[in-house]
Amino acid sequence: MTSKTPDAAAAGTWKLGDLTVNRVGFGAMRLTQNGPAFGKDRGPHDRDRAIAVLRRAVELGVNHIDTAAFYFSPLRSANELISRALGPYTDDLVITTKVGPGRGPGGDWLDWARPDQLRGQVEENIRQLGRDHLDVVNLRVNGPAPISEQFGALADLRKEGLIRHLGLSNVWPEQIAEARAIAPIVCVQNRYGIGERRADSQDILRTCGELGIAFVPFYAIAGGGREGGADVTAEHEALLAVARAHDASPAQVRLAWTLQQGPHVLAIPGTGNPAHLEANVAAGALRLTEDETRRLAALGQNAG
């Protein structure tokens, strides 16, 4: 790829309700510590570098940041880093967060939030981010069970003005219909990438496009590495060949492939490394051929 300064606008834009975002955004999950997210034996990222990465992301045109109150490590909170780095916020910056899971002060996972506990999670995100409301809140789903009570509780908070728009994360097709019967949704976050997608992923991807809902994959770069990040030593030769043809990294090819699945697909790659940030943003300008896109889609089996 060229050495031109990357710009998050290169991949185009999409609307989350009435909020326009560049399709290349930033995910804050791995911003707080070195090594796998949520691991207990890793040191925190350097605070100044984390703040610099966030500010550089905005300089590069990123105006969509994905975070959560449960993204934290000893000494670091993703939400508070975002508030410190980017507050007071510009009008065009969209911060998406999620609720449902929770972690105690020591990092241990708590029981999934009951409907009556979701207000507390929303208010905690508001406090940490230094906002008076949240732009987008995704209900993180824990399996294919009905979600009407949980989503209904968030819809009530939307009516109160604490939330502007609602979305879903880790969702099943029937849950999208269930949620839309209660309130509009603007995005769906599901695991999706080359060789890392559920059997129903294509149906959900297509449904979102038909309904004008943003599809926001997570683990688009990490694949099977998930919270630990990508295993660069295990890339398939076909993917490496495409990367060589474009003078790009495998991570950039993964992002470009994901974005080319539809104009409603957004990317939220995350990193605490300034160089990786610029490479991720630059991937928005990478265009794969139809043949390359088909060959990469064939890699790996549908994830369970």
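A second polar contact, of 2.9 Å, joins the side chain of K98 to that of D66. K98 belongs to strand β7, residues 94–99; helices (H or I, at least four residues) and strands (E, at least two) are DSSP runs numbered from the N terminus.

With a relative accessible area of 4%, K98 is buried. Buried stands for under 20% relative accessible area, exposed for over 50%, and partly exposed for values in between (1.4 Å probe, protein chains only). Apart from neighbours within four places in sequence, K98 has contacts with D66, T67, A68, F70, Y71, N125, N138 and Q189, where contact means heavy atoms within 4.5 Å.

## Model and confidence

This is a predicted model, in which local features need pLDDT of at least 70 and side-chain atom pairs count only at pLDDT 80 or more, while totals for chains, interfaces and linings use all residues. Residues are numbered from 1 along each chain as its sequence is written, and side-chain values use heavy atoms, with hydrogens and water left out.

The protein chain has a mean pLDDT of 92, and 92% of its residues reach 70 or more; pLDDT is the predictor's confidence in each residue, from 0 to 100. Over residues 224–231 pLDDT stays under 50, and the model has 16 contacts beyond four places in sequence for this stretch.

## Helix α1

Helix α1 covers residues 47–59, and its 13 residues should span 18 Å at 1.5 Å a residue; the end C-alpha atoms are 19 Å apart, which agrees. The expected span is 1.5 Å times one less than the number of residues. Buried residues in α1 are A50, I51, V53, L54 and A57. They lie on the same side of α1, because they cover an arc of only 155° around the axis, the arc being that of the directions from the helix axis to the C-beta atoms. Their packing partners are β3 (26–27), β4 (64–66), α2 (78–86) and α9 (274–282).

On the face turned away from the buried side, α1 carries the exposed residues D48 and E59. The N-terminal end of α1 is capped by D46, with a side-chain oxygen 3.1 Å from the backbone nitrogen of D48. Just after α1, G61 has a positive phi of about 100°.

T271 sits in the loop between α8 (250–259) and α9 and is buried at 8% relative accessible area. A polar atom of the T271 side chain lies 2.9 Å from the backbone nitrogen of N273. Beyond four places in sequence, T271 is in contact with F26, G27, L31, V53, H276, L277 and N280.

F38 occupies the loop between β3 and α1 and is buried, with a relative accessible area of 19%. F38 and W109 are 71 residues apart in sequence, and their C-alpha atoms are 9.6 Å apart in space.

## Cysteines

The whole structure has zero disulfides, a disulfide being a pair of cysteine sulfur atoms within 2.5 Å. For C187, the closest cysteine sulfur is that of C208, 9.0 Å away and therefore too far for a bond. C187 is buried at 2% relative accessibility, and C208 is buried at 0%.

Terms used
Polar contact = N/O pair within 3.5 Å; in protein donor to acceptor, adjacent residues only side chain to side chain.
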